[in-house]
Amino acid sequence: MEPDAIAAIVDQWKRERPDLDATPMLVIGRLFRLAQALDQRLRPPFAEAGLGSGDFDLLAALRRAGEPYALSAGELSRTALVTTGAITKRVDRLEARGLVARTVDEADSRGRLITLTAEGVALTDELIAVHLDNQRRLLAGLGEGERADLAGLLERLALTLTASDD
């Protein structure tokens, strides 16, 4: 079997700098390339729906929140892992399309909530089904046990990275 591009890079480093252990690239380099490849393959349905980068994440966060499908900008920022400034730009785009609305928070009249409209709920429900089918297709080369093992290993890696940030 021919080595992949990352394995070839590691082999080159072994040859050029045998004093260094380049094997972490076998994981990190592959994860980086896979993230790029997955993004390219997952983005088209959202682009076809006229959604920009991150717009679906915001819609999905609101839909997952359950009825009345409303969150504050701060809650959306924590869920989507982006700044409130980025949330504001996304909300502006989605509000212009009629997919979300800004409403007054009944619990705090000074606060504002971002709420999915009926059209936003319908589009999100349609796209999440397409998105999950697309994800299943992309993982079809792995068996159920392999997917479970990979999910567990990635969770463990994510936890170690989070712990190292503390």
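The pLDDT is the predictor's confidence in each residue, on a scale from 0 to 100, and since this is a predicted model, colouring by that value is a reasonable opening view. The chain averages a pLDDT of 92, and 98% of the residues score at least 70. Select strand β3, residues 108–116, where confidence is lowest at a mean of 84, and then helix α7, residues 118–138, where confidence is highest at 97. Where pLDDT is low, the predicted coordinates should not be read in detail.

Centre the view on L76 and show its surroundings: leaving aside residues up to four places away in sequence, L76 touches L58, A61, L62, L71, L81, I87 and I114.

From there, stay with helix α6 and pick K89, which lies in that helix. Is K89 buried or exposed? K89 has a relative accessible area of 58%, and because the threshold for exposed is over 50%, K89 counts as exposed. For a sense of distance across the model, draw a line from the C-alpha of K89 to that of I9: the two residues are 80 apart in sequence and 39 Å apart in space.

Within α2, look at V27, which is partly exposed, with a relative accessible area of 48%.

The last stop is the loop between α4 and β1 (70–71), where P68 is found. Which geometry does the peptide bond from E67 to P68 have, cis or trans? That bond is cis, with omega near 10 degrees. Move on to Y69, which is in the loop between α4 and β1 as well, and check its backbone: Y69 has a positive phi of about 60 degrees although it is not a glycine. Most residues other than glycine have a negative phi, and most peptide bonds are trans. Finally, show the surface around Y69, which counts as buried because its relative accessibility is 14%, under the 20% limit.

Notes
Residues numbered from 1 in each chain as written. Predicted model: local features only at pLDDT ≥ 70, side-chain atom pairs only at ≥ 80, totals over all residues. Heavy atoms only, no water. Helix = DSSP H or I, 4+ residues; strand = E, 2+ residues; numbered from the N terminus. Contact = heavy atoms within 4.5 Å. Buried < 20%, exposed > 50% of the residue type's maximum accessible area, 1.4 Å probe, protein only.
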